[in-house]
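Q: I'd like to learn how to read a few features of a protein model with you. Where do we begin?

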Amino acid sequence: MAKIDFNAKKGFICDMDGVIYHGNIILPGVAEFISWLNREKKEYLFLTNNSGLTPRELQQKLYRMGLEVGQEHFYTSALATAEFLKEQAPGCSVYALGEAGLLNALYEAGCTMNDVNPDYVVIGEGRTYTLDTLTKATNLVLGGAKLIGANSDVSGPIEHGIAPACRALVAPIEMATGVQAYFCGKPNPLMMRTGLKLLGCHSAEAVIIGDRMDTDIVAGLETGVSTVLVLSGVSNEKTPDTYAYRPTMILDGVGDIVRIAEEK
């Protein structure tokens with residue numbers, strides 16, 4: 001397997017769930033990894049498909065775990081979704097199912113909420129998802145609203161197992177209507193390109209670290225970024241064998257990056 005010279009890389013794009021934490025539990029080696037990024041003056045961005053939390057809430061979540069990271073280091077699938085709608089249809093109206101992260105991003109992008117005849121139905125993760133809201137969303141799509149998913153993650157790791165994520169929540173609407181959703185989060189190249197722009201990096205100067213072959217690793221592969229699969233989330237050593245593509249490197253967790261970089 002190819003080796004990555006982490007010292008030579010300028011920018012680090014890092015997933016959060018399953019890489020930095022599980023639920024509210026920080027993963028081993030994370031504090032050392034963030035210290036190393038700061039010490040070596042690396043550009044870094046936590047690029048998460050979680051659409052529920054705002055960058056400020058993510059910052060506070062890490063702070064509660066003892067990690068101090070500036071708000072500018074976070075970019076979410078909610079922000080990517082809002083950016084996409086702002087580009088495609090400025091001032092559009094949406095019926096959105098999701099948490100503060102998604103709703104905030106949509107408002108900031110100039111979208112208005114509309115549960116009668118919206119231009120778009122936008123689905124993220126969240127507790128507002130019920131049979132009633134699902135039925136409402138289904139009928140709005142049948143009425144002509146375009147269907148958008150914040151991300152294509154089917155599940156996400158939590159403290160005691162997994163939770164259904166955005167792709168799984170959109171699936172009933174797709175099945176009931178026959179309409180396919182458009183997903184804005186990883187592995188959509190739009191989100192990766194925005195991440196690289198925020199880092200001020202070319203793809204060859206960056207590395208993406210994630211726990212999912214179907215979002216993080218394929219996102220890096222398709223944008224020419226070196227890829228690190230960590231086994232601290234939903235993947236194990238055998239997971240890559242079921243895919244037609246491979247990560248550049250497979251590590252147990254982000255702490256291994258520091259160890260490898262310091263061996264040089």
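A: With a definition: helices and strands here are DSSP runs, helices (H or I) of at least four residues and strands (E) of at least two, numbered from the N terminus. Keep in mind that this is a predicted model.

Q: How many helices and strands does the protein chain have, then?
A: Nine helices and 15 strands. The radius of gyration is 18 Å, close to the 18 Å that the globule rule gives for 264 residues, so the chain is as compact as a globular protein of that length. Along its principal axes, the C-alpha trace spans about 60 × 35 × 35 Å.

Q: And what share of the residues counts as buried?
A: Buried means under 20% relative accessible area. By that cut-off, 55% of the 264 residues are buried. As for contacts between residues at least 6 apart in sequence, 67% of them join residues at least 24 apart.

Q: What should I look for in the backbone angles?
A: The general idea is that most residues other than glycine have a negative phi, and most peptide bonds are trans. Now the cases here. The peptide bond from K186 to P187 is cis, with omega near 10 degrees, and P187 sits in the loop between β12 (182-183) and α7 (189-199). K41 isn't a glycine, yet its phi is positive, about 55 degrees.

Q: Where does K41 lie, and is K41 buried or exposed?
A: You'll find K41 in the loop between α1 (30-39) and β4 (43-48). K41 is exposed, with a relative accessible area of 72%.

Q: How do I read a strand, say β6?
A: Start with the side chains: in a regular strand they alternate between the two faces of the sheet. In β6, S93, Y95 and L97 point one way, V94 and A96 point the other way, and all are buried. Five of the five residues of β6 (residues 93-97) are buried, so this strand is largely enclosed by the rest of the structure.

Q: Which strand do two bridges join to β6?
A: That's β7 (residues 112-113), and the two strands run parallel. To find the pairing on screen, look for V94, which stands opposite M113 in β7.

Terms used: Residues are numbered from 1 along each chain as its sequence is written. This is a predicted model: local features need pLDDT of at least 70, side-chain atom pairs count only at pLDDT 80 or more; totals for chains, interfaces and linings use all residues. Side-chain values use heavy atoms; hydrogens and water are left out. The radius of gyration is taken over C-alpha atoms; the globule rule is 2.2 Å times the number of residues to the power 0.38. Buried means under 20% relative accessible area, exposed over 50%, partly exposed in between (1.4 Å probe, protein chains only). Contact means heavy atoms within 4.5 Å. Two strands pair if DSSP finds at least two bridges between them.
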